[in-house]
Structure formats: structure tokens, C-alpha cells
Amino acid sequence: MSVAASSTLASRLGHEPDARLVIFNCDDLGSSRAANVAIYEALRHGVATSASLMVPCPWARDAAAMYRGEDVGVHLTLNAEWDTYRWGPITHAPSLFDGDGGFPRTVTDVWDHADLDEVRRELHAQIERAIVWGFDVSHLDSHMGTVQLRAEFFDVYLELAVEFDLPLRMGGASGQRSVGFPYRDLAAAEGVLFPDHMVAGPVGSRHAIERALFDLRPGVTEFYLHPAIDTDELRASHPDWSNRVEDHAFLTSDPSLPDLVERAGATLVGYRELRDLQRAR
């Protein structure tokens, strides 16, 4: 992607054409009390600029009770990936359960067995519930990429973005070749906004973020992390708990991250700026 193309969004957001804008998004709000505490701390006192709510999870209502108007989107959820910690569809759709009483653990299981009409109703209900709970929803993204990376599921993803007039998390341009359909082009054709670049790393992605900030490109770049505080419940439910605790420390108490952002010449933004631009068209 050329500098001119990648900086178009920055210009429309009111910045210089070659500006470097960064979204630090916190995934999995509502997945645990440990995540809720960490994410709101990162939004209120750290470097985070946005978060994504998992509406079907048991601690989502607690996240709503803690909400003070922060930039929060909906982390559209069709999977429950952990062995002993389970959650399921709020619409009780039969094709969205596995044999263990919750959403399927793997993306391919969803793709192989989910009824698309039930997927559409479930994800629509998740967005509506977040709105009813009082969230000023800023964007949509997809837990584990389930509705981003398969064409027929992406159709639902894009339909919801158009209906609710919300921007989307989107994979990079190179990913279009690997998945076999032009998701960025399809979204752009519908007037849906999305960041120019996405830096996706594993939970505990500190080193990937540090490397990317050293080589930050013009345009809007989204980094996403999974912060949580250290609790017994987190350790019992999430095998990757230590990396989530590291993400929390990186966003809230590590002075190297704000320093890296400053040295990169980056400006922090949230998804709300993209949403407001999209709705002003």
C-alpha cells in the first residue's frame, strides 16, 4: 500500500497525510473480573484507547456496571475456547452449541456446523444487548477472527457494520490473498471504515508491538492486547494468564511504551474517531 493510500484515513480524520495514528485496543472485556479491572485501568490510566466487549461471557454485565463512557466496541463471539470455562449463545441457537454446553472451542467447528441465520441473529443480539446495557458502541471486531476470515461469515460481519453504522477491525491487505476474498475492498465499497494496518500477536505481544512501533507506517494502526490482573480465577480459567498479566503491566505501568509511541511520532486515537467520521459521511 502506498503512503498516499495508507494516509487517506489519517487525512480524513483531520491529521497530516503522513501522520502515524495508533489504536491500542483491549480485547476480552467481560471475559472475567480480572479482565474488567485491568482493561478499565488501562483505558483510564494507561495507554489503551479502546476495548472490545464479549457480551455472552459471565462477567459482561459487570463490565457494563463499570462503564463510564469509554471507547468500547463489541467483540462478536461465537467461540468459547477454554477447557473448563464455558459460555454460550445468548439466543440459545442450537447450531452454536458444541457437545459440552457452550460455544465451540475452535473456529473450524463453528464454520463446519453453524447455521448462518442463527449466526446473524446471535451477533445482532450481542450488539443490541451492549446498547441496552448503556454502551456507546464504537466498533465491531471478531473473537478469534471467526467472522472475519470466512467469506460467508464475513458477509454477516459486514451486514452488521452497515446496519449499525460502525467501523470494523480488519486484517491486513496481505491476508486477503491467504483467505481468498477481498474483505477490505468489500467493506470499503459499503462505506465502512477500518484501520489501515493491524498488528496481531499472541496474548502477551509486547515484543511484536515494540518491533512494530520501531517501524510504524503512516496511517491508522491497530494493536490489540488482552490485559488482566493476576487472580486465582484467571489462573484457573486461562492457560495464558501470565501473558495477560504482562499485557496489563505493559499498558499501565511500563514507561517504555509511552516512550516508544513518542519516538515513533505517533498520535493515539480510538475507534470512536473512526465511527464518528463514518457516520458523518
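Student: Is strand E4 mostly covered or mostly open?

Tutor: Strands (E, at least two residues) and helices (H or I, at least four) are DSSP runs, numbered from the N terminus. Buried means under 20% relative accessible area, exposed over 50%, and partly exposed in between (1.4 Å probe, protein chains only). Strand E4, residues 137-142, is mostly covered, with six of its six residues buried. This is a predicted model: local features need pLDDT of at least 70, side-chain atom pairs count only at pLDDT 80 or more, and totals for chains, interfaces and linings use all residues. Residues are numbered from 1 along each chain as its sequence is written, and side-chain values use heavy atoms, without hydrogens and water.

Student: In which sense do E3 and E4 pair?

Tutor: Two strands pair if DSSP finds at least two bridges between them. Strand E3 (residues 72-76) runs parallel to E4, with four bridges, and His75 stands opposite Asp141 in E4.

Student: Which residue does the side chain of Asp141 meet in a salt bridge?

Tutor: A salt bridge is a side-chain nitrogen of Lys or Arg within 4 Å of a carboxyl oxygen of Asp or Glu. Asp141 meets Arg169 at 3.5 Å, N to O. This pair links distant parts of the chain, 28 residues apart: Arg169 lies in the loop between H7 and helix H8 (173-179). Asp141 is buried at 0% relative accessible area, and Arg169 is buried at 2%.

Student: Which residues are linked in a network of salt bridges?

Tutor: Asp83, Arg86, Asp98, Asp100 and Arg105 are joined in this way.
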